[in-house]
Amino acid sequence: MRMKDKCPAGLWQFGKCAAAFCLSVVIAMGALLAACFAPQDKINENLLESAYGISIEGQYPVIGDRKINSLLDNATDTAILRATVGMNRDYLGSVLTNPLYSYNVELKEGEDYAVKCLELYSSGMRHDGEFLYVRYWMGFRAILRWLFVFFDYYQVKRYAGFLFFVLFALVLCDIAKRVDSKTAFAFAVSVILVRPQVIVNSLQFLPCFLIAFFAMLAVPLLEDKPQWDGVFFLEIGILTMYFDFYTTPLVAVGLPLVYLAVLRARQGKPSTLRWMLRCVLIWLAGYALMWMAKLTLTSLLTSVDGLKDGFAAFSRRMGIVKSEGYEQYYSLTLAFENLRSVIFSDPEGKAVYLLGAGLTALSICVCALRQKLRLPVFAKYLNLLLLAVLPFIWFCCTAQPIAIHYWYQYRSIALTHWAVGAYVTMTFWQGEQLQA
């Protein structure tokens, strides 16, 4: 008799998740350590050239229509580059301490301090100090260091953007093939509404969407294997914490979860509220445990108290302890006012958005009347709207960071658009089945 048959189902599922988590932490550490040995001279050369480009662009350039939701975050991208170049074989502890090396230097007019530090470190100059950014895994360094051996920052963004749109196209093809073109269209609109042309121009904005797209392509493997749902969403949570610099973590779990619900509904399998909550909570467990693992390893293996630093930052972000000078940002009202400003862009944008939403709602009502759909039909997939509400729950729980970084963190709203669109298309399947 196999061990699987001897163990209770719950214990077997827990064992699989525990094994997957432990293995993931080992692989995560191994990937970062291996990246330390990428050729430093090549990385320095490419990042030195990149620093010049960023100094010309500035830390917060605005592209496209020059609205705030078209703002790039070169400041965080510069931190990403500084952390990437600073993690090397000279100090393997940098895998966990994440140093951003600094210099005592006088700046010329127009120079940015962070970019200057990147330039000086890439030039081989000995640093004067360091800031240890320990509360993130910064797993992107495991990939970026190898890429920077061959490419500079702008070339990496070019190919990362290409990867984004290729994966996006593959997901659309997969949805159209396995479901229908209307559902694929609903997903396309959900991404288009959060400005993918801006996302692909920032290394910071990309990871959660790339994780979501890869996960969506893997979702069909779970269609008939519900016993692997736990491991799947746990791993998405782990990857989100590993790669993301806290941007839009909900899209990484929400987009594939909606797709999985759609595929199972296509087979006549219900997506219960309990199942959806379980998947989200497992993702959240993976996300939180991976963060705890990072802080614990930092405290155990380095001289830095990672747990103290991490929980202090968490307390400030959640408003348990309010950061001095940032008291005005601990406001749910301000957070939602700022979110509204970026979702609509401007008064004209709000009018166009509401007009589009109104026409869409009107067309749905007309179709419902033509098909003679009754209220019970609309109730069948109502659980899916829980996922549409999830970003707003997240916004409420993280009001302070939303109030500050609303101009990119608002993109979690893509999950709302996708869940609502999928709900509508699934409702009309039901109507077609009743008519048949």
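Reader: Which residues form the nonpolar patch on the surface, and what accessible area do they have together?
Author: This is a predicted model, in which local features need pLDDT of at least 70 and side-chain atom pairs count only at pLDDT 80 or more, while totals for chains, interfaces and linings use all residues. Residues are numbered from 1 along each chain as its sequence is written, and side-chain values use heavy atoms, with hydrogens and water left out. A patch takes residues with over 30% relative accessible area and no salt bridge, joining like charges within 9 Å and nonpolar side chains (Val, Leu, Ile, Met, Phe, Trp, Tyr) within 5 Å, and areas come from the Shrake-Rupley method with a 1.4 Å probe, where for residues only the protein chains shown count as cover. The patch is formed by Met 292, Phe 311, Phe 314, Met 318, Ile 320 and Val 321, which together have an accessible area of about 530 Å².

Reader: Which helix gives the largest share of the nonpolar patch?
Author: Helices are DSSP runs (H or I, at least four residues; strands are E, at least two), numbered from the N terminus. Met 292, one of the patch residues, is found in helix 14 (residues 273-301). The largest share, however, is 3 residues, and these come from helix 15.

Reader: Which residues of helix 15 are buried?
Author: Buried means under 20% relative accessible area, exposed over 50%, and partly exposed in between (1.4 Å probe, protein chains only). Helix 14 is among the parts that cover the buried residues of helix 15, where contact means heavy atoms within 4.5 Å. Those buried residues are Gly 306, Gly 310, Ala 313 and Ser 315.

Reader: Which residue meets Asp 309 in a salt bridge?
Author: A salt bridge places a side-chain nitrogen of Lys or Arg within 4 Å of a carboxyl oxygen of Asp or Glu, and Asp 309 counts as partly exposed because its relative accessibility is 26%. The N to O distance of its pair is 3.9 Å. Asp 309 lies in helix 15 and its partner in the loop between strand 2 (129-132) and helix 7 (141-147), so the pair ties together parts that are 174 residues apart in sequence. The partner is Arg 135.

Reader: How far apart are the end C-alpha atoms of helix 12?
Author: Helix 12 (residues 229-243) is largely enclosed by the rest of the structure, because 13 of its 15 residues are buried. The expected span of a helix is 1.5 Å times one less than its number of residues, and for helix 12 this gives 21 Å. The end C-alpha atoms agree with that expectation, being apart by 21 Å.

Reader: Is Ser 412 buried or exposed?
Author: Ser 412 is found in the loop between helix 20 (399-409) and helix 21 (413-435). Leaving aside neighbours within four places in sequence, Ser 412 is in contact with Thr 248, Leu 250, Val 251, Pro 391 and Phe 395. Because its relative accessibility is 2%, Ser 412 counts as buried.
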